[in-house]
Amino acid sequence: MELTHIEHIGIAVKSLEQAIPYYENILGLKCYAIEEVKDQRVKTAFFKIGQTKLELLESTNPEGPVGKFIEKKGEGVHHIAFATDGVQQALNEVEEKGIRLIDKVPRKGAEGLNIGFLHPKSTFGVLTEFCEKP
Ligand code: CMX
């Protein structure tokens, strides 16, 4: 398994509409896409910085993962996503080493990427994602 770079950092916000102007007007980044990922019960907004993206996450349902996260911990960094050229293989390898998986097989995430999550209770509190271009 080889992780090549940080593909994106996921940041939970209560409102994309309120958060986007901070990234655009204060930090000078450009929101290049807004996409709803129904399966994950989130609406996402993307910014690019170098080869890494920032993914703002607004919950569309209080029972979804981001809705529950904000309810418990408030807004803030939600997950880190590493790029790899083989999500299934990476998931298999870390599971063999005793890491608890959320996804045993990859699923589709925003921007059509194949993604898989590791459980934060097994990764020192950081919700960790592997992703690859299809
Ligand atoms: N980072 C760190 N810890 C987290 C966390 C996060 N993002 N989300 C939840 N936790 C912790 C909680 O604080 C809680 O800890 P305690 O038991 O110590 O209180 C524990 O994990 C369980 O949390 P929960 O609120 O009871 O939630 P669930 O167990 O139902 O779900 C998780 C937690 C991580 C399995 C779920 O959020 C999940 O499957 N996440 C992966 C999918 C996801 O996050 N999608 C949104 C992004 C989609 C995208 O990028 O497109």
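**View 1. Lys 48 over the ring of Tyr 32.** In this predicted model, Lys 48 lies over the face of Tyr 32, 4.9 Å from the ring centre. A charge is taken to sit over a ring if NZ of Lys or CZ of Arg is within 6 Å of the ring centre and within 35 degrees of the ring normal. Residues are numbered from 1 along each chain as its sequence is written, and side-chain values use heavy atoms, with hydrogens and water left out. Local features need pLDDT of at least 70 and side-chain atom pairs count only at pLDDT 80 or more, while totals for chains, interfaces and linings use all residues.

**View 2. The cluster of Tyr 22, Tyr 23 and Phe 47, linked by ring pairs.** The structure holds three aromatic pairs (rings of Phe, Tyr and Trp, the last by its six-membered ring, with centres within 6.5 Å; planes under 30 degrees apart are stacked, over 60 edge-to-face, the rest tilted). One of them joins Tyr 22 and Tyr 23 edge-to-face, at 4.8 Å centre to centre with 80° between the planes. Tyr 22 is partly exposed at 40% relative accessible area, whereas Tyr 23 is buried at 11% (buried is under 20%, exposed over 50%, partly exposed in between; 1.4 Å probe, protein chains only). Tyr 23 and Phe 47 form a tilted pair, 5.3 Å centre to centre and 35° between the planes. Because Tyr 23 lies in helix α1 (residues 16–26) and Phe 47 in strand β3, this pair ties together parts that are 24 residues apart in sequence. Helices (H or I, at least four residues) and strands (E, at least two) are DSSP runs, numbered from the N terminus. Phe 47 is buried, with 0% relative accessibility.

**View 3. The largest pocket, with about 570 Å³ of space.** A pocket is an open set of points on a 1 Å grid over the protein atoms alone where a 1.4 Å probe fits, with protein on both sides within 12 Å along at least five of seven lines; lining residues have an atom within 4 Å of a point. Of the 18 lining residues, Pro 65, Phe 69, Lys 73, His 78 and Pro 120 are the closest to the centre of the largest pocket. Two or more lining residues come from each of α2 (65–73) and β5 (76–84), and α2 gives the largest share, five residues.

**View 4. The second largest pocket, with a volume of about 290 Å³.** This pocket is lined by 22 residues, and the closest to its centre are Gln 40, His 79, Ile 115, Phe 117 and Glu 129. The largest share of its lining, three residues, comes from β3.

How values were computed:
Points joined across faces, edges and corners; volume = space filled by probe spheres on them.
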